Amino acid sequence: SIAARSSPRHRILRGALIVLFGVSVLSLAGRTYLRNVVWGNPVALWREAADLAPNHWIPHLLLGESLHGTHRHAGPNEEYATARTLEPHAPFAYQKLALCLIETNRYDEAAATFERLRVVAPDSNEINVGLGGVALAAGRTDEARQYLNQALEKDPRSIPARQALALLAETQIRDWSEALRLCREIQRLAPQTIGNDDCIRRNQARVAK
């Protein structure tokens with residue numbers, strides 16, 4: 001329902017999943033100019049770039065990103081899928097496509113997107129994190145925890161796995177102490193992590209009550 005989608009709990013979940021699956025796009029080779037172009041130009045710019053370089057995956061990825069910023073879904077899905085086909089080893093396109101599918105409640109397709117990543121990059125930790133994020137969005141708490149713990153076992157310093165586990169604790173089981181513990185771990189490991197200070201403040205206030 002519209003009311004459910006606008007609830008504070010849903011907004012926290014959606015916002016955190018956007019961070020989990022979306023921020024990595026802007027880390028492409030550390031190119032600051034990409035941020036400026038994506039945020040400062042219209043969809044038409046990247047559509048033209050994709051038309052001029054139809055076999056290069058980055059214009060399609062960034063066209064999808066621009067379309068997604070207009071709250072569309074069919075267009076981004078198509079462009080992210082094209083980027084994934086052109087560069088099957090880049091996790092960015094899988095993450096962004098999965099996010100679009102999650103936002104339209106197509107959870108099985110989102111999970112299948114990460115299973116396709118497993119085919120080309122079986123050792124990628126983004127697979128377990130991604131599948132955990134999909135299960136979390138679908139409300140499958142036990143399945144989400146299993147995938148995310150597997151991600152932490154594989155990479156004990158994984159920030160995305162901790163973010164998703166904190167999100168699970170906060171939005172699904174409402175264990176404020178666990179969410180706070182995980183966000184404090186993130187603070188120690190990566191103090192500049194986007195949104196983590198807010199997580200600490202929110203859950204400190206809840207624990208103190």
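**Close-up views of a predicted model**

The structure holds 1 aromatic pair. The model is predicted, and each legend below describes one part of it.

**View 1. The rings of W57 and F92 form a stacked pair.** A pair of aromatic rings is described by the distance of the centres and the angle of the planes. For W57 and F92, the ring centres are 6.3 Å apart and the planes meet at 5°, so the pair counts as stacked. W57 is buried, at 14% relative accessibility. F92 is likewise buried, at 15% relative accessibility.

**View 2. Helix α7 is largely enclosed by the rest of the structure.** This helix covers residues 91-103, a run of 13 residues. From its first C-alpha to its last, α7 reaches 18 Å, close to the 18 Å expected at 1.5 Å a residue. Because 12 of its 13 residues are buried, α7 is described as largely enclosed. Among the buried residues are P91, F92, Y94, Q95, K96 and C100. Just after the helix, N105 takes a positive phi of about 60°.

**View 3. E79 is a buried residue without a salt bridge.** E79 lies in helix α6, which spans residues 74-86. The nearest side chain of opposite charge is that of R47, 5.1 Å away. A salt bridge requires a nitrogen and an oxygen within 4 Å, and E79 has none. The side chain of E79 does make a polar contact with the side chain of H60, at 2.7 Å. When neighbours within four places in sequence are left aside, E79 is in contact with H60, L63, G64 and L67.

**View 4. E185 and R162 form a salt bridge.** Side chains of opposite charge can pair when their charged atoms come close. In the pair of E185 and R162, the closest N and O atoms are 2.7 Å apart. E185 lies in helix α12 (residues 176-189) and R162 in helix α11 (residues 159-171), so the pair ties together parts that are 23 residues apart in sequence. E185 is buried, with a relative accessible area of 16%, and R162 is buried at 10%. Both residues also belong to a network of salt bridges that links R162, E178, R181 and E185.

**View 5. E170 and R206 meet in a salt bridge.** The N to O distance between these side chains is 2.7 Å. The pair links distant parts of the chain, for E170 is in helix α11 and R206 is in helix α13 (residues 196-208), 36 residues apart. E170 is buried, with a relative accessible area of 5%, whereas R206 counts as partly exposed at 26% relative accessibility.

**View 6. R140 forms a salt bridge with E143.** The closest N and O atoms of this pair are 2.8 Å apart. R140 counts as partly exposed, at 31% relative accessibility. E143 is also partly exposed, at 28% relative accessibility. A search of the whole structure finds 11 salt bridges, and the pair of R140 and E143 is one of them.

Key. Residues are numbered from 1 along each chain as its sequence is written. This is a predicted model: local features need pLDDT of at least 70, side-chain atom pairs count only at pLDDT 80 or more; totals for chains, interfaces and linings use all residues. Side-chain values use heavy atoms; hydrogens and water are left out. Helices (H or I, at least four residues) and strands (E, at least two) are DSSP runs, numbered from the N terminus. Buried means under 20% relative accessible area, exposed over 50%, partly exposed in between (1.4 Å probe, protein chains only). Lys and Arg count as positive and Asp and Glu as negative; His and the chain ends are not counted. A polar contact is a pair of N or O atoms within 3.5 Å; within protein, one must be able to donate a hydrogen and the other to accept it, and residues adjacent in sequence count only if both atoms are side-chain atoms. Contact means heavy atoms within 4.5 Å. The expected span of a helix is 1.5 Å times one less than its number of residues. Rings of Phe, Tyr and Trp (its six-membered ring) pair if their centres lie within 6.5 Å; planes under 30 degrees apart count as stacked, over 60 as edge-to-face and the rest as tilted.
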